[in-house]
Amino acid sequence: MFTEFLSTLPKGTATDIHILTDADADGLPAGALLYRALKAAGYGSVTVETRGKFENAWMPEVHERLRQRAPEALIIADLGARPDTLLPGVPTLLVDHHAPFGTPPGAVLLTAYGTEPTATTGLLALWCAQAIAPALAEELQWLAGISLLSDLGDKAPFPDLAESKKRFSGTALKDLTALLNAPRRTAHGDASPALKLLIDAPTPKLALNTPSPELDALRTAKAEVSEALAVARKAPPRFSTKWRDELGADMIAVRIDTPCQVHPLVAQIWRPRFPKAVIFGVNVGFRPGFVHFAGRSPKNVNLLKFIRAHTPAGADGTFGGGHDQASGGALPVHLWKPFAIEMGWGPELQVAS
Ligand SMILES: [Mn+2]
């Protein structure tokens, strides 16, 4: 499907291709792999950028920025799939593994969603790279390893992770993954140093051991996030049994207040304490005027389906994105208030305007 998409490009290898990718340690290696593989395959004009804080691929501001670059083809990686228009008239490929809402008109969707186990976007990107630049793909196999470690954890059900660890050091992969995930979680949220590091690095060990401004930026980011998380993890859990029958689980909310994107980590941290419940990290300080929440559910509970079924009128197209066991959303405060009541949480989850 990837080579098919490339074969339709108006100017062949002279086509000006732009890649927009997610800012996490799945999207970043995916973007770096696609970029480096296209270059190696002879594509002369390729650029790559990571999304900024609060951005998604369907925002008018993002489209405006993309339009100014005037690419002749677009690749969107790890940012979900929605039926809404991207850049009309520009050939577009979406590489993704989240539960899609639909496909933009005219775009091609290459998705891992619906196959079990579900590959990460980084692994899909490795398969793409293998199709056009096999020698480089072999060298850069560790980028897919990072994506697996980041999105699916150390027990990721793909042999590619074990291969990465064996060839490139498991410790180096783990350390680098932690660093790459830090910048997007900071108050500033700029992951471009992380992307730059992956575009330049020959191996994960060299990425970690070669002094660079990017590496410094990542270390500073990691310290900021650790500090925010240390505060957030002290917040108490709040319970709701309201949807036990429909959802098949109780719901626990942990309210935090920080500009750092640590609400998914907070949900993750509480999982072992309440393995049968759905846990939400609810962040009232992430974005002024909004409440952001990230939920994690046990294997047998489809949280994504539940959240999509309870989407409040007026929520934007990102609400209920993600995966069956990891979903969430963001609501302006006036929509959050009734939503929190609907979910069965008490006054502790109410927010002043
Ligand atoms: Mn991903």
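The model is predicted: local features need pLDDT of at least 70, side-chain atom pairs count only at pLDDT 80 or more, and totals for chains, interfaces and linings use all residues. Residues are numbered from 1 along each chain as its sequence is written, and side-chain values use heavy atoms, with hydrogens and water left out. The protein holds 15 helices and 11 strands. Both are DSSP runs numbered from the N terminus: helices are H or I with at least four residues, strands are E with at least two.

**Overall shape**
- The radius of gyration is 20 Å, close to the 20 Å that the globule rule gives for 353 residues, so the protein is as compact as a globular protein of that length. The radius is taken over C-alpha atoms, and the rule is 2.2 Å times the number of residues to the power 0.38.
- Along the principal axes, the C-alpha atoms fill a box of roughly 60 × 45 × 35 Å.
- Of the 353 residues, 55% count as buried. Buried means under 20% relative accessible area, with a 1.4 Å probe and protein chains only.
- The accessible surface is about 14900 Å², and carbon and sulfur atoms own 55% of it. The areas come from the Shrake-Rupley method with a 1.4 Å probe.
- Among contacts with a separation of 6 or more, 61% join residues 24 or more positions apart. Contact means heavy atoms within 4.5 Å.

**The open sheet**
- Six strands line up as E6-E7-E8-E9-E11-E10, with mixed pairing. Two strands pair if DSSP finds at least two bridges between them.
- Strand E6 (237-240) and strand E10 (321-323) are the edges, each pairing on one side only.
- The twist averages 20° from one strand to the next. Axes are lines fitted to C-alpha atoms, for helices over the stretch in contact, and angles run from 0 to 180 degrees between N-to-C directions.
- E10 and strand E11 (residues 326-332) are antiparallel over 3 bridges.
- Helix H15 (residues 333-342) lies across strands E8 (278-283), E9 (290-296) and E11, at about 125° to E11.

**Serine 327**
- Serine 327 sits in strand E11, opposite glycine 322.
- Serine 327 is buried, with a relative accessible area of 4%.
- Its side chain reaches the backbone oxygen of glycine 321 at 2.7 Å.
- Beyond neighbours within four places in sequence, serine 327 is in contact with residues including Ala294, Arg296, Leu303, Ile307 and Gly320.

Terms used: Buried < 20%, exposed > 50% of the residue type's maximum accessible area, 1.4 Å probe, protein only. Polar contact = N/O pair within 3.5 Å; in protein donor to acceptor, adjacent residues only side chain to side chain.
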